[in-house]
Amino acid sequence: MKSTKSKLLHEVAGKSMLSFAVSSAAALNPDHLVVVVGHLREQVEAHLDKLSETVVTAVQEEQLGTGHAVSCGLEGLEHLTGDVVVTYADVPMLTGDTLRQLVAVHRANQHAATVLTARVADPAGYGRVLRDGDAVVGIVEHRDATEEQRRIDEINSGIYVFDAAILRAGLASLNTDNAQGELYLTEVLHFAAAQNEKVGAHLIDDVWQVEGVNDRVQLARMNAEMNRRIRDAWMLKGVTMVDPASTFIDVDVDLSPDVTLMPGVILQGATSIASGAVIGPDTSLMDVEVGVGAEVVRTHGSFAVIGDGATVGPFSYLRPGTILGAKGKIGAFVESKNATIGDGAKVPHLSYVGDAIIDENVNIGAGTIFANYDGTYKSTTHVGEGAFVGSNTVLVAPIDVGAGALVAAGSAITEDVPAGALGVARGRQRNIDGYVAEKRPASKQAVAAAASDGAVHPAVIESREKKA
């Protein structure tokens, strides 16, 4: 991967490859679930602690091959009996259902060992499955295969079920007499066959389930295929995607029927979208809850809640802790953080709303800033129900604007505004007559002023009469 991060922690559809492997293995309800760790194991172990309390780790100090890795995994389980399933942490599409089917085939046929296989158009690089009729007599790695064996298109996935006793005996028989100089787990199949034990295969049609990831090209291909399957599944459940090719959905996202996703939508984490909501275009949401019938346009949001019938965007930024109530509005070029905005409240334009509690039916004018940080402390501003905050206002926290209060445009409010009061905090306007003609006589402003009759525009007069 050419990365400082363990390959197993690289993500497919929003989850680490390791998490997929643990989930599919856990679907078997095993008595023991062991992850063999080696390279960058501190990262892997820390991640496993977050994934599961039942997983244990075994350390492979030297990378001496797959057989050696399984031997490390069995340490401390000397008295283990029954079936042992061996799988990989870099096959994220492998499902728990497939592992259950593999175990069922193994038990139904009383195999000593069963391998999961698939047929591929280009088997180059894969181990080939050697058969005698239905029985598997062994697996040969590509580097060790003859030309005839390389023409076999049934490949070894590296995923097996073994009888524990056969596995232990087979591991004890391994040697490094191969092109890699490693202990091959595949040789345990040869060992079992040589002991006249039954060895079989479970052939699956879905090749992607056995595809591994070894570099970022393969990681991108895996993400693309996983995303295609996720999209198709949601569309079959009633979700509209205007342009599926530009829509990206993590595996843990939840969508309801009649959701519409416009082009350029990215839904990540545990995002949930309720019925009738329209998301996008050009919107990314991570761990965001969107209510029934809400509309979110050209917005980036994370760890936020958007209520039923609310509207967001375009060009809005919802930071963690944002809660927008039903039929509320966060409009163009608005940033919010740790802000509760009540039902029917509106922050339509060009504002920053941080550490705020805004009650129902409040209107926040364009260009308003909730000044929540004094360089040392973050403080809260409360705006009461039905209040109106004029444009280009700064609310310097901590303050309380009471219910039904008005704040004059252009104010810098540093003290509480009582309920029903008008808060004004600005210098009085002063007009200097004749300034342009005296100071800028040749300017376009002077020309326009000289041609004007000085009358107030009729629309302004009309507005004043309405306010009066």
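Which residues make a nonpolar surface patch of about 370 Å²? In this predicted model, the patch is made by Phe388, Leu406, Leu422 and Val424. Phe388 belongs to strand β33, which spans residues 388-389. With a relative accessibility of 40%, Phe388 counts as partly exposed.

**Helix packing**

| Helix pair | Angle | Axis separation | Crossing |
|---|---|---|---|
| α3 (residues 66-74) and α6 (residues 164-172) | about 130° | 10 Å | left-handed |
| α1 (residues 17-26) and α2 (residues 41-51) | about 50° | 11 Å | right-handed |
| α6 and α7 (residues 187-194) | about 110° | 9 Å | right-handed |

Helices α3 and α6 pack at an angle of about 130°, which makes α3 oblique to α6. Helices α1 and α2 pack at about 50°, and that makes α1 oblique to α2. Helix α6 also packs against α7, at about 110°; this angle makes α6 roughly perpendicular to α7.

**Salt bridges**

Side chains of opposite charge can pair when their charged atoms come close. Across the whole structure, a search finds 15 salt bridges.

One of them joins the side chains of Glu154 and Arg131, with an N to O distance of 2.8 Å. Glu154 lies in strand β9 (residues 154-163) and Arg131 in strand β7 (residues 128-132), so the pair ties together parts that are 23 residues apart in sequence. Are the two partners buried or exposed? Glu154 counts as buried, at 2% relative accessibility, whereas Arg131 counts as partly exposed, at 34%.

A salt bridge also forms between Asp206 and Arg229, whose closest N and O atoms are 2.8 Å apart. This pair links distant parts of the chain, 23 residues apart: Asp206 sits in the loop between β10 (199-204) and α8 (216-236), and Arg229 in helix α8. Asp206 has a relative accessible area of 23% and is partly exposed. Arg229 is likewise partly exposed, with a value of 29%.

Glu225 and Arg228 are 3 residues apart, about one turn of the helix. Glu225 counts as buried at 10% relative accessibility, while Arg228 is partly exposed, with a relative accessible area of 34%. Salt bridges that share partners join Asp206, Glu225, Arg228, Arg229 and Asp232 into one network.

Note on methods. Residues are numbered from 1 along each chain as its sequence is written. This is a predicted model: local features need pLDDT of at least 70, side-chain atom pairs count only at pLDDT 80 or more; totals for chains, interfaces and linings use all residues. Side-chain values use heavy atoms; hydrogens and water are left out. Patches are made of residues with over 30% relative accessible area and no salt bridge: like charges are joined within 9 Å, nonpolar side chains (Val, Leu, Ile, Met, Phe, Trp, Tyr) within 5 Å. Accessible areas come from the Shrake-Rupley method with a 1.4 Å probe; for residues, only the protein chains shown count as cover. A salt bridge is a side-chain nitrogen of Lys or Arg within 4 Å of a carboxyl oxygen of Asp or Glu. Helices (H or I, at least four residues) and strands (E, at least two) are DSSP runs, numbered from the N terminus. Buried means under 20% relative accessible area, exposed over 50%, partly exposed in between (1.4 Å probe, protein chains only). Axes are lines fitted to C-alpha atoms, for helices over the stretch in contact, and angles run from 0 to 180 degrees between N-to-C directions. Angles under 35 degrees count as roughly parallel, over 145 as roughly antiparallel, 65 to 115 as roughly perpendicular and the rest as oblique. A crossing is left-handed if the near helix is turned anticlockwise from the far one by less than a right angle, and right-handed if clockwise.
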